Each structure stands twice: as C-alpha cells, then as structure tokens.
Amino acid sequence: MKSVLILLAIFFIVLALKKALEAKRARMSGEVSAPRDTVRNVRGDSEEMVLDTVCGTYVPISSALRSSEGGRSLFFCSEECRAKFMAGRR
Ligand SMILES: [Zn+2]
C-alpha cells in the first residue's frame, strides 16, 4: 500500500516537471517566432493597420500607441489599453 503511494507521488512529480518544462519551451519558442504580423515600416498608399492585443481592435499605425516589449513592438488603441496590458504583465 505504501509503495503505491510513493509511486503515485513520483508520478505526479514527473507530471509537474513535464508541464513546467513544456511551459518554458512554449514561452521560449513564442519569443523567437513572435508574430510580426502587420508591423512593417513601409508607408504605402494605404495606412498600415496594427492589432491592439488588449481589446482586439485594429488601429492605424500612425495613431496607435507604441510600446516595445522584449525587443518587439506592441500597439495599443489608447492609453487605457496600454495601462491594462502593463497591469496584466506584472
Ligand atoms: Zn484597445
């Protein structure tokens, strides 16, 4: 009976470790292949639209609020959204 408990404990520890590793790997690969989506410094005849990840709105790049996070640019439609994003980051 005791050995069963020990086996169970080991099983859960391994499971937790696996999960932690996977989360770490996912975060790292997400950092590397971060979607550059619409960001391009080309001013064509049509305005470049960027996604505000907080509220999901597309904003013209010229009127979007820009913030760089870990080397990539993030855009927000308003100061409110940027504040929300910063609050969620902590
Ligand atoms: Zn917004």
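**Exercise 1. Find the residue that stands opposite Ser68 in β4 of this predicted model, then describe the pairing around this position.**

Step 1. Ser68 faces Ser73 in β4.
Step 2. Take a second pair: Arg66 stands opposite Phe75 in β4.
Step 3. Place the strands. β3 covers residues 65-69, and β4 covers residues 72-76.
Step 4. Read the direction and the bridges. β3 and β4 run antiparallel, joined by five bridges.
Step 5. Look at the connection. The two strands form a hairpin with two residues between them. Gly70 in the turn has a positive phi of about 60°.

**Exercise 2. Which residues make up the largest nonpolar core, and which element gives the largest share?**

Step 1. List the members: Val50, Val59, Ala64, Leu74, Phe75, Phe76, Cys77 and Cys81, eight residues in all.
Step 2. Assign the elements. β4 supplies the largest share of this core, three residues.
Step 3. Follow Phe76. Leave aside neighbours within four places in sequence; its contacts are then Asp52, Val54, Ala64, Leu65, Ser67, Cys81, Arg82 and Phe85. Among these, Ala64 and Cys81 are also core members.

**Exercise 3. Write out the order of elements and state where confidence is lowest and highest.**

Step 1. Count the elements: two helices and four strands.
Step 2. Order them from the N terminus: α-β-β-β-β-α.
Step 3. Check the overall confidence. Mean pLDDT is 82, and 80% of residues reach 70 or more.
Step 4. Helix α1 (residues 2-32) is lowest, at a mean of 80. Strand β2 (residues 58-60) is highest, at 96.

Notes. Residues are numbered from 1 along each chain as its sequence is written. This is a predicted model: local features need pLDDT of at least 70, side-chain atom pairs count only at pLDDT 80 or more; totals for chains, interfaces and linings use all residues. A residue is buried if 20 or more other C-beta atoms lie within 10 Å of its own, exposed if 12 or fewer, and partly exposed in between; C-beta atoms are placed from the backbone. Two strands pair if DSSP finds at least two bridges between them. A nonpolar core is a set of buried Ala, Val, Leu, Ile, Met, Phe, Trp, Tyr and Cys residues joined through C-beta atoms within 7 Å. Two residues are in contact if their C-beta atoms, placed from the backbone, lie within 7 Å. pLDDT is the predictor's confidence in each residue, from 0 to 100.
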